[in-house]
Amino acid sequence: MQRCASSRAVAGATEAYAVDRSCGECRCAYPSDRPRFHVVRWAQVSTYKDQGVVLKTMRLGEADRIVTLLTPGHGKVRAVAKGVRKTKSRFGARLEPTNNLSLMCWQGRELDIVTQVEVLDYFRGVRENLDRLEQALVALEAVDQIAQERHSNPAMHRMLVGALRVLNERDSVMTVTAFLWKLLALDGSMPVLDECARCSSKDTLVAFDILQGGLLCSGCRSGVPVSPGAVALLRMVLGGRLATALEEPASEVTKELSTLATRTMEAHIERRLRTPSGFQRGLG
Ligand SMILES: [Zn+2]
């Protein structure tokens with residue numbers, strides 16, 4: 001983070017500004033001999049184009065909204081959408097949770113400002129089906145908790161759009177369960193699944209404890225008991241057979257793995273997810 005002459009922190013201040021000790025925003029010590037050069041440099045660093053899935057929105061004042069998005073290039077972004085709650089707003093309907101957008105933003109110090117929006121995917125099949133929407137909201141909330149602001153993460157964006165596409169097309173009880181497990185793995189918490197996470201025994205694995213690193217044998221058991229069916233399904237999800245796992249019909253095993261995914265995610269983010277109760281009910 002560069003600081004300008006008046007010590008206001010300026011995200012993305014260019015070297016030119018740093019040298020001249022001016023930030024282009026408060027225009028302190030603005031060098032009068034080279035104004036055009038500085039204006040151009042500032043314009044280049046302060047706007048950006050990216051895609052983004054809307055994770056949530058929040059009211060701001062009378063007419064504005066703060067939109068939280070997951071972008072591939074800038075990670076989690078929080079941006080102000082001005083005037084969106086007025087009836088004539090061009091943006092309003094486009095900035096709803098689950099939409100995948102193409103957007104242009106002006107980069108601010110804490111909050112960015114959305115300047116242009118086009119919808120790439122509406123996911124109508126999710127938005128118009130309460131069960132699917134409820135499942136999608138679990139995925140969005142988990143991403144909101146895990147994604148880091150302004151840290152590019154194309155894999156996470158790709159995974160989220162992929163899960164929303166599957167959810168949009170069909171009822172699969174495994175979509176969001178599998179997404180939560182993949183998200184944990186992407187975030188560095190890939191559980192040990194092929195041997196006991198504690199003693200490396202290849203015996204039958206009977207329990208799951210994320211604090212121990214994954215599945216456990218009967219001698220080391222802690223955490224929650226898991227059925228052989230859940231073990232097999234989890235290996236499918238994280239072992240490269242996702243398409244097969246998504247075909248799994250609703251059963252006690254899918255319900256078990258869904259509950260385990262939620263509990264493990266909650267342990268990982270160290271807080272409760274707000275939306276999982278309905279999500280698990282829907283899998284019963
Ligand atoms: Zn063991």
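In this predicted model, the largest nonpolar core has 58 residues. Leu69, Leu70, Val114, Ala139, Val143, Leu160 and Leu180 have the most contacts inside that core. Residues of the core come from both domain 2 (47-123) and domain 3 (172-281), so the core lies between these two domains.

Setting aside neighbours within four places in sequence, Leu160 is in contact with Val53, Leu70, Ala139 and Val143. Of these partners, Ala139 and Val143 belong to helix H4, while Leu160 itself is in helix H5.

How do H4 and H5 lie relative to each other? Two packed helices are described by the angle between their axes and the distance between the axes. Here the axes of H4 (residues 130-146) and H5 (residues 154-169) come within 10 Å and cross at roughly 175 degrees. Angles over 145 degrees count as roughly antiparallel, and H4 is therefore roughly antiparallel to H5.

The contact between the helices involves Arg132, Gln135, Ala136, Ala139 and Val143 on the H4 side, and Met156, Leu160, Ala163, Leu164 and Leu167 on the H5 side. By residue class, this contact comprises eight nonpolar residues, one polar and one charged.

For the protein as a whole, there are 10 helices and 10 strands. Of its 284 residues, 35% are buried. Among contacts with a separation of 6 or more, 50% are between residues 24 or more positions apart.

Notes:
Residues numbered from 1 in each chain as written. Predicted model: local features only at pLDDT ≥ 70, side-chain atom pairs only at ≥ 80, totals over all residues. Core = buried A, V, L, I, M, F, W, Y, C linked by C-beta atoms within 7 Å. Buried ≥ 20, exposed ≤ 12 C-beta atoms within 10 Å, placed from the backbone. Domains from an automatic or database assignment. Contact = placed C-beta atoms within 7 Å. Axes fitted to C-alpha atoms, helices over the stretch in contact; angles between N-to-C directions. Helix = DSSP H or I, 4+ residues; strand = E, 2+ residues; numbered from the N terminus. Parallel < 35°, antiparallel > 145°, perpendicular 65-115°, else oblique. Nonpolar A, V, L, I, M, F, W, Y, C, P; charged D, E, K, R; others polar.
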